[in-house]
Amino acid sequence: MLKTMDYDIIIIGAGPAGICAAIYALRANQKTLIIEKETIGGKIASSPLIENYPGIKAIKGPELSEQLEDQIKQLGGKIEFGEVINIQNKREEKIVITKNKTHKAKVIILALGTKYKKLGLPEEEKFLGKGISFCATCDGFFYRQKTVAVIGGGNSAMANALELANICQKVYVIQNLDHLTAEPMLIDQIKPKENIEIITQASVKQIQGEEKVTGIVIEEKGKEKTLTLDGMFLSIGQIPETEIISPLIKLDENGYIVTNEQQMTNSEGIFAAGDCVKKNIRQLTTAVSDGTIAALSAIEYNTK
Ligand SMILES: Cc1cc2nc3c(=O)[nH]c(=O)nc-3n(C[C@H](O)[C@H](O)[C@H](O)COP(=O)(O)OP(=O)(O)OC[C@H]3O[C@@H](n4cnc5c(N)ncnc54)[C@H](O)[C@@H]3O)c2cc1C
């Protein structure tokens, strides 16, 4: 039998994967702590509308996040706000270190998700929150009747553009490929919007402004062009938030966590679930699937 710890299971990340794992853990009477550094619900909290979760025809992301939080509270679960900066595996004892606390558990479930990719331009950092945003649901309000650009051509870019088209005077969509890569259903919704202009085969070369973004220089089919803007939304993909667990946990070449079929990592007793895991599809349904498997595997590990 394992030694008694502060917790049976510590889950890092309160996105859909972490919350789903917590539901299973709490229902199995595991003493469970969830640690979250930003928002309960994770990325789904910034989704304007979810229409692909079985049993729920349509729900706004913030509303689903509230329901996830309520479910945890109803089960007597504990969510602590804090950023985990390190984890250690001392065989039977796993250590989780946040900026101001240290916790012990029998097992850890990593549900760290991903963070938004940036363009890599030198002036980008100084404009974060000053004209550069990632989430239309969170920040679209600041651009009422203004002109913005959405950078990207996938599902998140289309979701952002659609939401912004209802708020802003003009929305440019800047896509580096010669076509949009979003689901056809989303592209069909974009087409009739008269205030959305799609520019393909274009990349951002420079961000202009002093205190805040006032425009961008793009290269479109080999020609440079300046767009006057009030803001821009980056939707060019995501990267895993796995810096804190390396080198203890095996990652693939892109930084995603490698797990086995039980969602266990190379480090015994440390499981991983959701978008931070190496896999091909990253959706709400796949995140909760991983969360379920990770929790049930963790419970089995704790009771063997
Ligand atoms: C705008 C947008 C719209 C979307 N719409 C849909 C949709 O309609 N349908 C769909 O199926 N999917 C959608 N998705 C994808 C879906 O949101 C993700 O697949 C899902 O949220 C993944 O869940 P997760 O729990 O693995 O990760 P996340 O949701 O990313 O949650 C991870 C959590 O871990 C926390 N965390 C990370 N590192 C630490 C740390 N060191 N310490 C403490 N906490 C930490 C983060 O703050 C975050 O809250 C959308 C995504 C976006 C961005």
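I began with the residues around the ligand: the shell divides into 14 nonpolar, 14 polar and eight charged. I counted Ala, Val, Leu, Ile, Met, Phe, Trp, Tyr, Cys and Pro as nonpolar, Asp, Glu, Lys and Arg as charged, and the others, Gly among them, as polar. The model is predicted, so I noted the limits: local features need pLDDT of at least 70, side-chain atom pairs count only at pLDDT 80 or more, and totals for chains, interfaces and linings use all residues. Numbering starts from 1 along each chain as its sequence is written.

**Ligand shell.** I looked up which of the 36 residues around the ligand come nearest, and found G13, G15, G42, G113 and G274. Near here puts the C-beta atom, placed from the backbone, within 6 Å of the molecule. Helix 1 (16-27), strand 2 (32-36), helix 4 (155-165) and helix 6 (284-303) each give two or more residues to this shell. Helices (H or I, at least four residues) and strands (E, at least two) are DSSP runs, numbered from the N terminus.

**Cores.** Next I took the largest nonpolar core, which has 50 residues. A core joins buried Ala, Val, Leu, Ile, Met, Phe, Trp, Tyr and Cys residues through C-beta atoms within 7 Å. Buried means 20 or more other C-beta atoms within 10 Å of the residue's own, exposed 12 or fewer, partly exposed in between, with C-beta atoms placed from the backbone. A21, I109 and L110 touch the most other members. Elements giving two or more residues to this core include strand 1 (7-12), helix 1, helix 2 (61-74) and helix 6. A second, separate core of 36 residues includes V150, L180, I216 and L234.

Beyond its neighbours within four places in sequence, A21 is in contact (C-beta atoms, placed from the backbone, within 7 Å) with I11, I109, A111, A273, G291, A294 and A295.

**Helix 2.** Which residues of helix 2 are buried? I found G61, L64, S65, L68 and I72. After helix 2 comes G76, with a positive phi near 80°.

**E261.** I located E261 in the loop between strand 16 (238-240) and strand 17. E261 counts as exposed because it has 7 C-beta neighbours inside 10 Å. Its C-alpha atom is separated by 8.4 Å from that of I293, 32 residues apart along the chain.

Conventions:
Two residues are in contact if their C-beta atoms, placed from the backbone, lie within 7 Å.
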